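Me: I am new to this structure. Please show me how to read its features, one at a time.

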Amino acid sequence: MSVKEHDPLTGHQTTGHEWNGITELNTRVPRAIWFFVIVTHLYALVTWILLPTWPLVTTYTKGILGIDQHEQVAKQVVAANVARADWADQIVTMPTDEILGDTVLMSRVNATAHQIFGDNCAACHGRDAAGGPGFPRLIDDAWLWGGDTDAIMETLRVGINSTHPDTRYSQMLAFGRDGMLGREDIRIVIDYVQSLSGIAPSDTPVSPERISAGEEIYLDNCAACHADDGTGDMEQGAPNLADQAWIYGGDKDALFETIWNGRQGWMPSWETRLSEVERKTLAVYLARLGQEATQ
Amino acid sequence: MMSNLTGAERTTAMTIAGFGALIGLAMAAAGHGDPMGVHGWIVLAFFGVLFFIVASALYSPEPVEDRALSYYDDPTKVGIILALIWAVVGMFMGVWVASQLAWPDLRFEGAWSGFGRLRPVHTSGVIFGFGGNALIATSYHIMQRTSRARMPGQISPWFVLLGFNLFCILAASGYVMGVTQSKEYAEAEWYADIWLVVVWVVYFILYMRTLSRRNEPHIYVANWYYLSFILVVAILHIVNNLAVPASWTGAKSYSLFSGVQDAMTQWWYGHNAVAFFLTTGFLGMLYYFLPKRAGRPIYSYRLSILSFWGIVFFYIWVGSHHLHYTALPHWVQTLGMTFSVMLLVPSWASAGNALMTLNGAWGKVRDDATLRFMMMAAVFYGLSTFEGSFMAIRPVNGLSHYTDWTVGHVHAGAMGWVALITFGSIYALTPVLWRRETMYSWKAVEWHFWLALSGTVIYVFSMWNSGIIQGLMWRTYTETGTLKFSFVDSLVAMHPYYIARAFGGLLFLTGACICLWNVVMTILHVPQKAPELDYPTSSEAMEPALPAAE
């Protein structure tokens with residue numbers, strides 16, 4: 001059976017086996033293959049000598065370069081911190097007003113804060129810091145807990161309604177759901193609240209009697225937090241109701257939902273996640289964004 | 001199909017189906033209120049249908065022909081059709097999840113339609129559904145032909161094929177219900193994994209028994225590769241899926257490994273799934289259909305030996321290159337890296353052996369899209385193995401890891417190599433299997449070839465671009481010494497490439513749909529023609545042996 005034939009095309013001999021019409025030539029392995037086998041094995045051999053590679057019973061071959069990835073990372077982190085130290089220390093020690101006036105330092109802040117904000121804040125507050133439904137806009141002068149850099153720093157440090165022991169804590173009560181106000185009372189107070197921020201009902205003007213009834217409900221229920229004039233209280237994170245900024249919406253439906261079911265926004269604490277330099281950089285960055293937007 | 005089974009075999013089949021249905025019922029009862037209960041109903045329905053199919057033909061006439069005079073091709077036929085159905089389903093899922101990356105709102109309200117749940121349906125659908133069925137079907141065909149022997153039983157080939165598909169169904173339906181082990185390419189939970197072990201052991205025994213019945217003195221290369229695929233996949237699957245079920249009545253289980261050992265086991269499995277599922281099995285396909293179609297002898301038997309042993313020896317070491325710069329000890333990373341580089345030469349030797357085999361048949365490659373599929377597959381095999389060894393080098397991996405470059409690399413292999421060799425093999429196999437003169441439409445094969453090739457090229461190029469841009473953006477520092485871009489910035493930069501990728505995938509899916517249509521039309525409308533000598537014989541009876549280069 002085993003007939004070794006010559007392939008007329010290549011002149012090579014077959015192995016003499018045949019499987020359902022398939023035969024094989026007994027061609028030598030090309031020199032190039034052996035060459036690259038040697039090259040890749042030499043590469044491996046040299047790498048084994050240089051780097052940690054082979055496990056021994058309780059240890060491993062360390063390699064003559066003495067490289068270890070953990071040490072490498074630690075060194076690189078130190079080196080990177082040293083490279084940043086000149087301006088990073090300034091950020092921590094200098095008052096924010098001076099930082100804002102220092103063009104060299106501000107160029108550092110702008111170059112750095114974009115990435116910090118993008119990776120940590122943008123998911124809720126938007127890449128342009130303009131907020132969205134449920135998440136405050138950071139580039140206006142409406143702030144829940146204060147918009148100066150110290151207040152922002154503190155908010156970043158402890159968060160709002162977070163798990164941090166010093167967290168800022170605030171809650172809008174569920175006046176409707178918990179039976180403190182009836183539906184009609186809520187509708188009346190909505191009209192009053194809208195009048196505070198000058199949102200004029202388009203077609204049907206609200207009667208002065210209804211407004212004053214709303215004011216009465218407001219003073220009894222809302223003013224303790226939002227202040228008599230509706231300008232809010234940054235000490236307890238109660239938003240200003242007399243401006244145009246609305247986190248959850250200023251239309252009647254949104255306000256009804258807010259008053260009926262209450263609200264309790266949540267911002268994480270960044271104390272363990274971001275360094276003080278990073279938090280201050282962010283605060284300065286936001287202060288600058290706010291200045292530019294409101295100018 | 002049923003007419004090829006004896007009455008005794010039908011009874012056995014019915015017993016197995018009935019037993020399976022009972023297990024399904026037990027699962028449905030025990031797992032009530034858990035996804036396992038839903039799986040119980042699926043198992044019950046699956047075996048119930050089989051039970052009735054067999055029962056309805058239980059008293060049909062016995063087969064009249066002497067079955068030893070022919071190969072057993074019924075399971076192969078069903079396997080090919082199932083492979084193509086899975087291809088269409090799996091690739092559709094791929095286009096869907098690719099589109100979700102470009103347009104995240106492209107989903108329904110329910111959690112099942114989110115990226116995290118659909119993505120494993122895509123990966124398992126194409127790797128196991130399409131690839132697995134194609135491997136099982138072609139292995140049945142090839143092991144019989146190259147052994148000149150019929151498979152030993154009639155039941156076990158069906159058990160393996162259908163049992164494997166039940167596993168695929170349990171896996172895919174589990175993912176959309178949120179059932180997952182959170183191990184990539186091994187997401188299916190414990191009872192599905194146990195079932196696959198049973199199926200796989202039967203597969204291994206079936207393969208060994210067929211080989212032991214062979215009428216050829218030697219075992220052809222394709223069988224080495226198929227056997228390595230079956231054997232090593234069994235080992236990988238069993239070890240990586242070692243887990244303790246949280247309860248016997250629920251789908252949840254906990255892995256036996258934790259921490260970095262878990263990661264290492266997973267990527268030892270993960271990379272060798274690429275090696276022994278997506279490489280060696282398909283090399284078996286290549287080694288049979290390419291020389292057969294080209295009508296040329298394999299270029300070098302010695303090269304086959306070198307590359308086979310090189311591939312099976314080196315591959316098993318390289319999984320740790322998936323964990324560069326992680327908690328995995330440095331020395332394990334170095335080992336994975338160096339073995340990945342040494343692996344390149346045997347891989348290229350395989351690709352080169354295939355391409356050199358085409359010497360003397362390049363005219364056929366030009367004229368015959370089926371052979372061109374196989375040629376292009378060998379080219380992509382060479383490309384992606386080079387790329388893989390390159391990406392395994394630690395500093396290169398520092399740039400490429402976690403980026404779309406990895407995704408592009410995987411798809412150069414999965415689309416360019418695995419799917420192209422499978423489609424080429426299906427076009428070569430279909431007329432033989434169904435005893436047809438030719439494929440229904442050669443133009444459709446041409447269309448499929450160019451759609452598949454352009455889809456792959458668009459896909460791979462867009463992922464190369466986006467991956468390298470991503471990798472660079474993540475490591476770009478400002479002169480201040482801080483990162484220049486946020487992650488979201490890199491996502492914005494990816495958007496055009498994600499659209500291009502989804503389009504490339506759509507072209508590829510279109511090609512797969514054409515293939516399914518063409519195969520169905522071939523079965524329905526092409527006149528019959530029996531291939532010569534396509535039956536078991538002792539090779540002595542075949543004298544004189546077929547001339548090599550005719």
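Reply: Start with the contact between chains: 46 residues of chain B and 50 residues of chain A take part. Two residues are in contact if their C-beta atoms, placed from the backbone, lie within 7 Å. This is a predicted model: local features need pLDDT of at least 70, side-chain atom pairs count only at pLDDT 80 or more, and totals for chains, interfaces and linings use all residues. Residues are numbered from 1 along each chain as its sequence is written, and chains are lettered from A and ligands numbered from 1 in the order in which they are written.

Me: Which helix gives the largest share of the side of chain B that touches chain A?

Reply: Helix 11 of chain B, with 10 residues. Helices are DSSP runs (H or I, at least four residues), numbered from the N terminus.

Me: How do I read two packed helices?

Reply: They are described by the angle between their axes and the distance between the axes. Here, the axes of helix 3 (residues 74-102) of chain B and helix 17 (residues 487-525) of chain B come within 9 Å and cross at roughly 165°. Axes are lines fitted to C-alpha atoms over the stretch in contact, and angles run from 0 to 180 degrees between N-to-C directions. Therefore helix 3 of chain B is roughly antiparallel to helix 17 of chain B (angles over 145 degrees).

Me: What kinds of residues form the contact of helix 3 of chain B with helix 17 of chain B?

Reply: There are 20 nonpolar, four polar and one charged. Ala, Val, Leu, Ile, Met, Phe, Trp, Tyr, Cys and Pro count as nonpolar, Asp, Glu, Lys and Arg as charged, and the others, Gly among them, as polar.

Me: What does M374(B) touch, beyond residues up to four places away in sequence?

Reply: M374(B) touches L286(B), F289(B), L290(B), R293(B), I421(B) and G424(B).

Key. Helices (H or I, at least four residues) and strands (E, at least two) are DSSP runs, numbered from the N terminus. Angles under 35 degrees count as roughly parallel, over 145 as roughly antiparallel, 65 to 115 as roughly perpendicular and the rest as oblique.
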